[in-house]
Structures are given as C-alpha cells and as structure tokens.
Amino acid sequence: MSTLTTRAQDYSQWYNDLILKGGLADYSAVRGCMVIKPYGYGLWENMRDVLDKMFKDTGHQNAYFPLFVPKSLFEAEEKNAEGFAKECAIVTHYRLKTDPNNKGKLIVDPSAKLEEELIVRPTSEAIIWSTYKNWIQSYRDLPILINQWANVVRWEMRTRLFLRTAEFLWQEGHTAHATKQEAIEETERMLDVYATFAEEYMALPVIRGVKTPNERFAGAEETYCIEALMQDGKALQAGTSHFLGQNFAKAFDVKFSDKDNNLEHVWATSWGVSTRLIGALVMAHSDDQGLVMPPRIAPLQVVIVPIPVKDPAGKERIDNKALEIMNALKAQGISVKYDNDDTARPGWKFAEYELKGVPVRIALGLRDLDNNVVEVARRDTKEKTSIPLEGLTGRIENLLTDIQSNLYNRALAFRNENIVKAYTWEEFVAILDGKGGFVSAHWDGTPETEDKIKEMTKATIRCIPLNNPFEDGKCILTGAPSKQRVLFARAY
RNA sequence: CGGGGAGUAGCGCAGGCCGGUAGCGCAUCUGGUUUGGGACCAGGGGGUCGCAGGUUCGAAUCCUGUCUCCCCGACCA
C-alpha cells in the first residue's frame, strides 16, 4: 500500500512519487538518466504516433542521422557550438582492455585514442547540415522537409525525471528552404502543429510566442515556443520551433542555384518536442490520488474490473459480459483492459488504476448484471454512476470525449486565472512570490534588464505572445518606455 | 561545483551514541477464509548492513578513506 506525497506537502516529491509509483519511469544506474517503463513508454508511443502523423500530413519524412558528431563539424556553427559546449559528452577512445594490474577489470586502452573526438549529439543541426550540403544544388532540391526521432544527450548539472535528464528522447525536424519567407512559414506552421497537439491531445493549454534574444536557441534568428503552466505556478516550455536564417547554410556552405541561376545560401528551420512533454502532462492534470491521463493519449483508456464471486456460474456470467463489453469498445478503437487477475481484490485495483490515471473504470458484478447496468467511474472527477448495458459503448465514447474536454477546460481556467498583469515592481515580486503563474508586464526590451530581473526574482521572460497587443507603458524594473507587455514566470 | 540528506531483504525504514554475529512494516511463497474502495488468520523463504582499509577476541555499530544516489542552488529543453 503505497501512499503518495500530496502536492501541498511537497510538490517535487509528489511529482517524483507519481512518476515512480505510477510506473512511468525509474531511476537508473547512470547518474541523471532514467529508465522509461512500459506504461510511460506507451504514453510516449501514443504521443509520437500522433505527432508523426501530423508531421507526415504537413509534408515531412522521417530519416535518421548518427548519434556522433565529429568535433570539427560540431564547432562549425559557432553560436550553436558555444551554446551547447558546456553540456557535451565526448567520445575520446574506441577500445577498452584488461587492466594488467587488476585482473577482471577494464581500462581505457591508451593506444585507441581517436584522431578526432566525437561529440554525442546534444542536437543534430551540425551533422544534418553537413549532409544537406551534399543533397542540395538546385532550387529543384528544395525544400527538404525531414524529421528524425532520436535520443540526445545534454550533460545537465541537475536532473529531474522527464523534465531534464542527461539523455532524452525527442523528435527534431530540420528543413531547408529556398526563401526566407518559406522558412518562416515552416517555423510557424510547426509551432502551430505543436500547439494543436498540446491542446487537442494532451489537453494542455499553451501560449504561442517568441523568445527574447536571451532565451533564443543558440544559432537561431528567432525562436518560437509554446509555454504551458504547471499546477505549482511554474511555467514550462513544451516545444520550440526555430527560424535559423542562413546561419547553418553559411557555416556548412550549403548553396543552391535559383531559377535565375544565382547562387544563394538556403534558409533553415528546426523544431522539436521531447519526453519532457510527459512531465508537463503529469504536472498539468494529476492530483493527490495519482496520475490523470487525457483519454486521447492515455496508454490505457478503459479498465474493466470484475467483482469476483465464488460461484463458477456467476463468475462465467461476469467474464462473458466483461469480454463482450471489451470487444465492443475495442471495435470502436478504444484501448481496454479486462483485469481478471483473481489474486488482487477489487478495492486494490480501483486504487491502482486511479494511481495510473486510467480515464475510465468499469466495475462489473452480479448485482449490476441483474440490473443490466455497470458501474462507471471517471478519473478526472472521481464521479461514479450506474450506466445501462444498453448503449454502453456510445456512452463510454462520449464520456472519454467529455473527460478530454473537461481536463482541457480545467487546465485552461487555471492557466487564465494565473496570467496576471503587474503595474509596479512590488506587485510584480508579490505575484511571483505568491501564487506564481505568468506575470504580464512591460519590459524595456534590453537583455540587461531581463538579466537583472532574473537575478533578482529568478523569473525569466517566457515569451512575447504572438499577436500581442501593443500598449504604451513603462518597464516594470527600469521605468523606460515600452510598447508591449511580455510574460514573465519562474520556469522548469 | 556549493549546501543538505541517504546507502541495512524486492520496497519503505529501525538498530548505531553504549561493539557480542540483524529486526519491523509492506511485498513474496504455502494453506485456509474472503472479495462492491488498497482483506484476514496461520506457517515459511529471503540480507557478505554501498565499497576498501584500520582498531578489536569480536564491527551494521568506532576510526580513516572512497563510491553512488536523492533533494535545494548555480547551468539548461
């Protein structure tokens, strides 16, 4: 019987408890790296499948590039290299040998030192653009619209399950275009794909925006992002899409002949979301009883729990009806598990599936069968109702849809309540130290002020929202004139 | 890298100050009774106490060194 830490007791511990006890992931023998367990991986697979289809529908194809990046390629785009230099794992040797002084132990073979060190990719722009150079000669070769599903390594000082681990899974899109306009359109299109995915599938409301130069991806001209709000009032960047200009084309000398036979550098974008989204999902919807999975990407949507009886005939009646319900739901594309494990009792199962956040639970006993009903419990509100067997499948489908939109609306209401305008510095600090959330405030537009605010409050500018209304005002810190508000928050 | 915490059975912990050959809860196994919100009774199995030295007749316990993990901060998606 595992008890969870509550959010009020210790938010971080609550989060860890949910991940570990909910069966999403486990710590591993490697510092900062985690094991994604089947239930967590199932969630990732669902997210991946939906996103993959959305990428394909917008004209992209998948490919795969190497894990290792020769150092000389890695350093070609200076800003990008600099940005990631501090968190790179480096391969320097390619062989081990038995330690002559300590039998049974291995040491690095000094004679197997690599001519050139290999960087374990923290992102793949370098290896990909060195390849694109060979693929692009003419405007007829463009655009190149490629995505890859991969793992990357960023040697972070401090890690947190899913939110920040040394190795993580993600997808990275890398596109090449003939014109600046087309590349910007691509950047915005993919941001929109991410936002749609977050809102419609993860039930996670996000703010679309652009990053300030301070927060911009190393090597990008413009970084677009979607920002979400967690229940503890901290913001979380859920996805980014970068307009890379011609920076990588210039660094890797990627040129094409346009229709007028002029040689031009190509325009680039890159965009990504990672397993971090799972952390966002957990912190957006879950409660003190455990995880809460949005039906559209839940690893398991419906669980059927029988109420056991000793009488074999009664048991068979329950089994038959449960299987009938399961098959009917499956026929509608709903994922269902009939948990007829008779070594666990129903109460234990109820608690277990609540911990795992399964959206709908159907309980089925003889009492129900005699009345031609089942007991249906929804995870989001924990409401239980008796529902007639007649038309059950349609009701469950509607219920799943309802849970999905309820989760979104709940998260949206919370998010909107927690976007607060600040007019004075005192107010600004009070909001951050109080309930947190996004603070909408004027900023004088300088990196210096942004840094100073970060130093004083730990809050950063999460984004300048797209379609932000212009409004004359004064910078919250310096009082210098400002044309628009930006969103500040403490963030993951 | 700085600050804090922890390594004892699969998990969570006690024991340590005061050295005498390891214990509790959960889980697990067997049998039985149970089953509509984390069942109960009885019996059983499981640990070179993170690692390496040292002190001692004897070390989970004392001393020295070392490794690892977690949390908070600096870095970052």
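Let me start with a term: helices (H or I, at least four residues) and strands (E, at least two) are DSSP runs, numbered from the N terminus. Hello everyone, and thanks for coming. What you see is a predicted model, where local features need pLDDT of at least 70, side-chain atom pairs count only at pLDDT 80 or more, and totals for chains, interfaces and linings use all residues. Residues are numbered from 1 along each chain as its sequence is written, chains are lettered from A and ligands numbered from 1 in the order in which they are written, and side-chain values use heavy atoms, with hydrogens and water left out.

Let's get oriented with the domains. The bounds come from an automatic or database domain assignment. For chain A, that assignment gives domain 1 (11-69 + 125-285), domain 2 (302-398) and domain 3 (419-489). Between the C-alpha centres of domain 2 and domain 3 there are 50 Å.

Now to the RNA. We call a residue near a strand or molecule if one of its heavy atoms lies within 4 Å of it. How many residues surround RNA strand B? There are 38, and the closest are Arg-31, Arg-158, Arg-164, Arg-345 and Asp-368. Which elements each supply at least two residues of this surface? They are α1 (11-21), α10 (346-356), β19 (360-364) and α11 (366-371). The biggest giver is α10, with seven residues.

What is that surface made of? Here Ala, Val, Leu, Ile, Met, Phe, Trp, Tyr, Cys and Pro count as nonpolar, Asp, Glu, Lys and Arg as charged, and the others, Gly among them, as polar. The surface near RNA strand B has 17 charged, 13 nonpolar and eight polar residues.

A polar backbone atom of Arg-31 is 3.0 Å from a phosphate oxygen of RNA strand B. With Arg-361, a side-chain N or O atom is 2.6 Å from a base oxygen.

Next, the sheets. Two strands pair if DSSP finds at least two bridges between them. One open sheet has five strands in the order β18-β17-β19-β20-β21, with mixed pairing. Its edges are β18 (336-338) and β21 (384-388); each has a single partner strand, so one side of each is left without a neighbour in the sheet. Strand β20 (residues 373-378) pairs with β21 in the antiparallel sense over five bridges, and Val-373 stands opposite Pro-388 in β21. In the loop between β20 and β21 sits Lys-382, whose phi is near 60°, a positive value in a residue other than glycine.

A second open sheet has three strands, β4-β8-β5, with antiparallel pairing. At its edges stand β4 (68-70) and β5 (90-93), each with a single partner strand, so one side of each is left without a neighbour in the sheet. Three bridges join β4 to strand β8 (residues 113-120), and Val-69 stands opposite Ile-119 in β8.

One last stop: the peptide bond from Leu-142 to Pro-143 is cis, with omega near -5°. You will find Pro-143 in the loop between α5 (125-135) and β9 (144-153).

Notes:
A polar contact is a pair of N or O atoms within 3.5 Å; within protein, one must be able to donate a hydrogen and the other to accept it, and residues adjacent in sequence count only if both atoms are side-chain atoms.
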